[in-house]
Every structure is written in structure tokens, then in C-alpha cells.
Amino acid sequence: MDIDHFKKVNDMRGHIIGSKLLTKLAKIVNDNIRTVDYGFRYGGDEFIMILVGTDAEQAKVVAERTRKQVEESVFDVDGVQIRVTLSIGIASFPLHATTKEQILEMADQAMYVGKNKSRNIVFVAS
């Protein structure tokens, strides 16, 4: 998943505010996964959720719940009110790929297809 237009947050509010926003977003990611799952920042403004034993349709439910929660949130970062949205790509084993590298690539491609369509979207690899 990727924060839509995150560069604008850093450019307009500064990197400290952007970094604190990432921390608040990480809490939402972690609140939407089970104890057997993994959620972490992958780099920049991208996050990954690894949902153990979850197929693409089940993952879409989790992703939509997360996307909606972020969309409806107003993040208070040092007194600055910020609203953001997420674009999320989904790939699952073994439907879309059979190696971790392939799954990451397929999820990344799905995310960018979604971003190119509209942003603030969950898009499943095909």
C-alpha cells in the first residue's frame, strides 16, 4: 500500500510532520491485522501487510477496511490536521505468484494500476 500524494504532505508540511504521519498510519495498519500477520513499512510511504493463510478475497476485505479507516481519519500531527488516502495492491500465494519476490512485484503492479485508475482504491492482481 502507498499513501496517495504523500510527497505533497512532505513538501507542504515538512518531513518531520510526514514522518509522524507515517507512525500514525502504521498504527492503523497494525490495528487491522491479526497477531499471526505482519504489517510494516516497506520504504518511503509504502507499507506491506502479510496476511497468513488468507486468500485474495479475504485480503481484499482487510484492505478495504484499512483503506476506509484511513480515508475517514483526520490525523492530528503536532496540531496540523491531515487527511490522506491509500492505494492498495493485493497479490496472493499461489494464485498470483509462487515466490516472495513475485508476490511483491504483483502487489506493487496491482497498486499502481489502482493509482492510475483513481487512487484511494484496493486493486487485486490479475
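Reply: First, a term: a patch is made of residues with over 30% relative accessible area and no salt bridge, with like charges joined within 9 Å and nonpolar side chains (Val, Leu, Ile, Met, Phe, Trp, Tyr) within 5 Å. A salt bridge is a side-chain nitrogen of Lys or Arg within 4 Å of a carboxyl oxygen of Asp or Glu, and accessible areas come from the Shrake-Rupley method with a 1.4 Å probe, where for residues only the protein chains shown count as cover. This is a predicted model, where local features need pLDDT of at least 70 and side-chain atom pairs pLDDT 80 or more, while totals for chains, interfaces and linings use all residues. Residues are numbered from 1 along each chain as its sequence is written, and side-chain values use heavy atoms, leaving out hydrogens and water.

Here, Val-36, Tyr-38, Phe-40, Tyr-42, Ile-50, Val-52 and Leu-104 make a nonpolar surface patch of about 630 Å². Strand β2 (residues 38-43) gives the largest share, three residues. (Helices, H or I, at least four residues, and strands, E, at least two, are DSSP runs numbered from the N terminus.)

Now for helix α3, residues 56-72. Its buried residues include Ala-59, Val-62 and Thr-66; buried means under 20% relative accessible area, exposed over 50%, partly exposed in between (1.4 Å probe, protein chains only). The buried residues of α3 fall within an arc of 135 degrees, taken from the directions from the helix axis to the C-beta atoms, so they line one face. On the other side, Glu-57, Val-61 and Glu-72 are exposed. The buried residues pack against α2, β3, β4, β6 and β7, with contact meaning heavy atoms within 4.5 Å.

Technical notes. Expected span 1.5 Å × (residues − 1).
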